[in-house]
Amino acid sequence: MMMRNFGFLVVLVKVVQGFQLQGAGPLVAQLGGSVLLPCAAETPLPLEELEVEWRKTDSGALVHLFQDGDVRLESQDFAYKDRAHFFPVEMSNGNFSILLKNVSHEDTGDYSCKVYIENTAEEVRVDLVRVEYLVVTGSGVVSASLGRDAVLSCSVDSHVPPEGLMEVTWRRADQEIIVLCYQHGEVLPDVSHHRYRGRAEFFTSEISKGNFSLRLKDVRTEDTGEYICDAHTSNHTGKATVRLSVLGLSLLHCLVLVCCAASFVITIVAVAHFMSYRAKQDLARRHGKDLAVHFLLFFSPNVLLFTGYLLWGLAEDMFSEAAAGSAVNLTRILLLLLTSPYLGALCDSLQKLIKCVSVSVMHTVITVAVYSDAYIKRLNWISAGIFSTSHVHRMRLQGYFGAIIFLSLCGICPDIDSAYTLPCMLPRSELGLHPQREPSKQAWTFLLLETCSIFQMLFLSVKSGAFNHDVRNTLIFAAPLLPISVLLIRRLVRNRKPRWGRLCWTVTMGIWMPVCFVVTISVVGHTQDAAEAILPGEGTALLCVFALLKMLTGLSLSNHPDKAPELLHTIVYVYGAAGLSIVNSVGLATKLLLTSGYGSQNVPDLRLITIPLECLFVFGWFALQIHGF
């Protein structure tokens with residue numbers, strides 16, 4: 001290839017009396033190859049009265065000269081002897097371009113083409129910006145139908161033969177995973193990520209010609225994205241980027257859309273029925289059809305959304321978003337049972353169980369689902385060399401993850417024992433329902449979950465590069481002050497008059513804890529830059545999940561309000577039962593259609609939308625608990 005133009009084509013037009021000159025730039029050439037330096041007039045000019053002079057402007061060296069109807073080779077600078085050539089046949093048509101052969105690094109710079117005719121002189125300049133040893137070109141944008149094959153072009157123009165290339169690797173630009181690798185004259189299919197094994201291949205007969213195009217078989221919707229073709233020699237590297245757009249919906253996608261549509265319709269119908277009876281008194285004693293429709297409101301839509309997120313994760317390998325979405329929608333059922341105006345219609349033992357374990361179980365399920373995915377993802381980043389590969393970093397990550405899972409599971413035990421005495425705690429004759437939730441068990445749950453959140457902060461702080469030990473020490477020694485102080489104040493205010501106790505507890509939970517919460521979020525937020533740089537949206541999404549878990553931790557310390565304003569209670573409940581289901585249904589269906597149906601790449605992470613809205617629901621119930629203290 002004689003000329004490479006990286007960037008937009010700039011057409012330089014000089015208007016003079018009688019003719020115009022055109023050039024182009026900037027130009028990129030391959031080391032040892034040839035490059036065309038353009039200079040042309042729009043209309044033919046008489047050669048007998050014409051003089052064309054090519055010079056390198058920085059040194060003033062004469063590259064080539066056409067004068068008195070002939071090429072003047074004797075005037076040419078020695079550095080350009082036998083390397084710079086006019087096109088004699090084309091000159092009569094106004095083409096005064098020259099071909100510069102055997103390009104070297106010294107050839108970079110600005111060139112001027114001056115044309116003299118009679119008393120008129122005009123000039124156009126051409127800039128040779130750089131000379132590359134290794135030039136890699138790609139096909140730009142490729143579209144493929146679902147289930148068909150796609151070819152991603154990559155041509156390597158090198159000064160060395162293909163067997164001299166150390167490595168040519170195809171990888172995903174957005175996920176940092178290897179699609180296929182050619183190394184030291186051999187294709188290495190085992191290096192490929194499991195999603196591409198058996199589906200990605202080179203055109204082996206074309207490799208000797210520098211053709212490293214990739215054929216991707218049985219294209220899936222998750223294959224949509226940017227791919228990079230990286231070529232390496234001992235001293236040089238080059239790369240080209242190709243974007244693949246996959247259009248079409250699979251059977252799994254259709255099932256996801258069915259789940260979203262069914263969840264949306266059931267939510268609308270059930271909430272309309274619920275609102276029609278809202279004005280009636282004593283909702284806790286309603287039975288039969290009304291009660292069945294009410295339970296349908298928070299069971300069916302959330303189970304459908306849970307199924308939809310799981311199918312979506314399987315269809316597009318969106319495990320991070322699917323794990324968080326499915327866990328949140330499934331456990332929302334527990335929180336809706338807790339906030340339901342119909343809770344009084346259940347038997348006493350079931351009411352007590354729901355009041356005691358709903359928050360801790362929701363916290364644990366979300367924690368296990370989200371941090372298991374984050375742990376696996378970070379291990380892959382360490383294996384790929386994106387995160388620090390030191391043994392200490394790996395052990396630290398494993399230790400933090402193990403502590404998170406262990407503490408979150410332990411957080412359920414005090415609540416279960418508070419609701420119903422465990423067989424290992426009392427003789428069988430003494431088993432039975434506790435009359436009320438024990439404050440000591442409630443305190444243990446809070447301390448375990450708060451300690452779990454400290455390890456979550458440490459887990460999120462493990463990133464590439466050196467870790468700020470001052471931040472780590474602050475988290476370890478300062479963070480426990482919050483739960484300990486809250487428990488002390490809680491115990492203190494319970495021994496005072498109810499009015500003052502309510503005021504002190506409201507100030508504690510409503511002001512001090514949110515301030516500490518904001519400070520904690522800001523500390524963790526500074527550690528998410530590495531994850532955000534590797535996978536856009538990942539760091540912010542985990543921060544949103546962390547915020548939700550912190551709110552659930554605070555919620556575990558408060559009791560179910562015996563009396564709450566009916567209107568506010570109804571607003572919080574309807575928002576959680578109907579509003580969140582509708583948002584998740586519409587959001588999931590919209591993202592699926594945009595990414596899979598239309599190939600759009602600018603769709604935000606669903607966790608950035610659904611998790612903050614879930615936090616608002618938890619905060620609303622938290623406010624009602626403070627009011628009812």
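Biologist: Which residues are linked with D110 in a network of salt bridges?
Modeller: A salt bridge puts a side-chain nitrogen of Lys or Arg within 4 Å of a carboxyl oxygen of Asp or Glu. The network of salt bridges links D110 with E123 and R125.

Biologist: Which pLDDT must side-chain atom pairs have to count?
Modeller: Residues are numbered from 1 along each chain as its sequence is written, and side-chain values use heavy atoms, with hydrogens and water left out. This is a predicted model: totals for chains, interfaces and linings use all residues, local features need pLDDT of at least 70, and side-chain atom pairs count only at pLDDT 80 or more.

Biologist: How many residues apart in sequence are R125 and D110?
Modeller: Their side chains meet in a salt bridge at 3.1 Å, N to O. R125 lies in strand 12 (residues 120–132) and D110 in strand 11 (residues 109–117), so the pair ties together parts whose separation in sequence is 15 residues. Strands here are DSSP runs of E, at least two residues long, numbered from the N terminus; helices are runs of H or I, at least four. The separation of R125 and D110 is thus 15 residues.

Biologist: Is D68 buried or exposed?
Modeller: D68 meets R72 in a salt bridge, 3.6 Å from N to O. Buried means under 20% relative accessible area, exposed over 50%, and partly exposed in between (1.4 Å probe, protein chains only). R72, at 24%, is partly exposed. At 56% relative accessibility, D68 counts as exposed.

Biologist: How many aromatic pairs does the structure hold?
Modeller: Rings of Phe, Tyr and Trp (its six-membered ring) pair if their centres lie within 6.5 Å; planes under 30 degrees apart are stacked, over 60 edge-to-face, and the rest tilted. The count of aromatic pairs in the structure is 10.

Biologist: Why is the pair of Y182 and F212 classed as it is?
Modeller: The ring centres of Y182 and F212 are 5.1 Å apart. Both residues are buried. Their planes stand at 65°, so the pair is edge-to-face.

Biologist: Which residue joins Y182 and F212 in one aromatic cluster?
Modeller: Y182 lies in strand 18 (residues 178–183), and F212 in the loop between strand 20 (200–202) and strand 21 (214–216). The cluster holds Y182, F212 and F202.

Biologist: What share of the 629 residues is buried?
Modeller: The protein has 15 helices and 23 strands. Its buried residues make up 48%.
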